[in-house]
Amino acid sequence: MAELWDIKALSAYLGIKRSTLYAHVQEIPHYKINRLVRFRKEEIDAWLAGQHHNPITTTAQARSVVTALNRPVASVDHIITGSIEEVRRAYNRPIGKPGHAHGKEGR
């Protein structure tokens, strides 16, 4: 059976303060024996492998995130006005061939 570590041993292994580990102990695989918390190295290593996050690798992705964050938020009035204009354009399209007179006056 694998050796069980206490919070002090895990703290030294991970290079994290004990208080931080206590604060996040529910997220880390552990065993509770009465009020004592214990860890297995193999389970900690597997858990750590699942905690790996890849940073944004391309400048284009980073630039798009920053651009989106810096974009001004449109006001509700601006959004409504834009929507109304889109509907008007859709329902008021010219009828007939371009360059010809519209309406019934030639009949």
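Colleague: Which residue is the bridge partner of I33 in strand 3?

Modeller: L36 is, in this predicted model. The pairing of strand 2 (residues 31-33) with strand 3 is antiparallel.

Colleague: What makes you say that strand 2 and strand 3 pair?

Modeller: Pairing takes at least two bridges between the strands. Strand 2 and strand 3 have three bridges, so they count as paired. Two residues lie between the strands of this hairpin, and N34 takes a positive phi near 55° there.

Colleague: How do you know that strand 1 and strand 3 pair as well?

Modeller: Same test: at least two bridges are needed. Strand 1 and strand 3 (residues 36-40) have two bridges, in the antiparallel sense, so they pass. In one of them, L4 of strand 1 (residues 4-5) has R40 as its bridge partner in strand 3.

Colleague: Why is L4 called partly exposed?

Modeller: Buried means under 20% relative accessible area, and exposed means over 50%. L4 has 35%, so it falls in between and is partly exposed.

Colleague: What about the inside, then: which residues form the largest nonpolar core?

Modeller: W5, I7, L10, L21, V25, I28, V37, F39 and I44 do, nine residues.

Colleague: What is F39 in contact with, leaving aside its neighbours within four places in sequence?

Modeller: Its list includes W5, I7, L10, V25, I28 and I44, which are also named in the core. Among the others are E3, L4 and H30.

Colleague: How much of the whole protein is buried?

Modeller: Buried residues make up 10% of the 107 residues. The accessible surface comes to about 9,500 Å², and 56% of it belongs to carbon and sulfur atoms.

Colleague: Last one: in what order do the elements run?

Modeller: From the N terminus on, β-α-α-β-β-α-α-α, with five helices and three strands in the protein.

How values were computed
Residues are numbered from 1 along each chain as its sequence is written. This is a predicted model: local features need pLDDT of at least 70, side-chain atom pairs count only at pLDDT 80 or more; totals for chains, interfaces and linings use all residues. Side-chain values use heavy atoms; hydrogens and water are left out. Helices (H or I, at least four residues) and strands (E, at least two) are DSSP runs, numbered from the N terminus. Buried means under 20% relative accessible area, exposed over 50%, partly exposed in between (1.4 Å probe, protein chains only). Accessible areas come from the Shrake-Rupley method with a 1.4 Å probe; for residues, only the protein chains shown count as cover. A nonpolar core is a set of buried Ala, Val, Leu, Ile, Met, Phe, Trp, Tyr and Cys residues joined through side-chain atoms within 4.5 Å. Contact means heavy atoms within 4.5 Å.
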